[in-house]
Amino acid sequence: MEYCDFSGYNANPCDNKGNNRNIKDSFDSFYINDWTGYPYASKPEGACRILEGNEYKESRNMVNKTNRMIHKDIPDLKGTQIHEMKPVKFGGSPTDIDNKIALTPNEYAKFTDFWNKVLREKMKGR
């Protein structure tokens, strides 16, 4: 199932795999080597890059729109929160269904804690 706007209307168009075309390779890319504290789920693959400013805002808006559509299309997910396995803040796709997982609020908090720790570490000294 794909939740991507191919019309070009959105500021963050996607390719035919639902990947954000605005995410570019950068010297700021990094890989996570220490997964200590990561919850039970499979770990996202590939390099990460911290999105900021309008790039992050546009991706975050697309996540919110996509996740609302998912909740509307799958009523059984009521009471869960949709989380991106590789958050858009780190270059993850805002629309790829394979990058999403439905979590309870407690499970969601564990993922958020992990990614916030990574963000704090990467932002030190910037």
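How many residues of the lining of the second largest pocket are nonpolar, how many polar and how many charged? I opened my notebook with this question and looked up the whole chain before returning to it.

**Entry 1: the model.** I noted that this is a predicted model, in which local features need pLDDT of at least 70 and side-chain atom pairs count only at pLDDT 80 or more, whereas totals for chains, interfaces and linings use all residues. Residues are numbered from 1 along each chain as its sequence is written, and side-chain values use heavy atoms, with hydrogens and water left out.

**Entry 2: the chain.** I found two helices and two strands, in the order α-β-β-α from the N terminus. Helices (H or I, at least four residues) and strands (E, at least two) are DSSP runs, numbered from the N terminus. Of the 126 residues, 39% count as buried; buried means under 20% relative accessible area, exposed over 50%, and partly exposed in between (1.4 Å probe, protein chains only). I recorded an accessible surface of about 7,800 Å² for the chain, with 49% of it belonging to carbon and sulfur atoms. These areas come from the Shrake-Rupley method with a 1.4 Å probe, and for residues only the protein chains shown count as cover. I then looked up contacts, meaning heavy atoms within 4.5 Å. Among those in the chain with a separation of 6 or more, 62% join residues 24 or more positions apart.

**Entry 3: the second largest pocket.** Its volume is about 210 Å³. On a 1 Å grid over the protein atoms alone, a pocket is an open set of points where a 1.4 Å probe fits, with protein on both sides within 12 Å along at least five of seven lines; lining residues have an atom within 4 Å of a point. Grid points are joined across faces, edges and corners, and the volume is the space filled by probe spheres set on the points. The pocket is lined by 14 residues, and R60, H83, P87, W115 and N116 are the closest to its centre. Helix α1 (53-73), strand β1 and helix α2 (105-123) each give two or more residues to the lining, and α2 supplies the largest share, six residues. My opening question is now settled: the lining has eight nonpolar, three polar and three charged residues. Here Ala, Val, Leu, Ile, Met, Phe, Trp, Tyr, Cys and Pro count as nonpolar, Asp, Glu, Lys and Arg as charged, and the others, Gly among them, as polar.

**Entry 4: H83.** I located H83 in strand β1 (residues 81-84). Is H83 buried or exposed? H83 counts as buried because its relative accessible area is 5%. Leaving aside neighbours within four places in sequence, H83 contacts N99, K100, I101, L103, Y108, F111 and W115.

**Entry 5: the largest nonpolar core.** A nonpolar core is a set of buried Ala, Val, Leu, Ile, Met, Phe, Trp, Tyr and Cys residues joined through side-chain atoms within 4.5 Å. This core has 14 residues, of which F30, I32, Y38, F90, F114, W115 and V118 touch the most other members. Helix α2 gives the largest share, four residues. Not counting residues up to four places away in sequence, F90 touches F30, A47, C48, R49, I50, W115, V118 and L119.

**Entry 6: helix α1.** I checked I70, which lies in α1 and is buried at 2% relative accessibility. T66 is also found in α1 and is buried, with a relative accessible area of 3%. K57 has its place in α1 but counts as exposed, at 52%. The C-alpha atoms of T66 and P94 are 7.4 Å apart.
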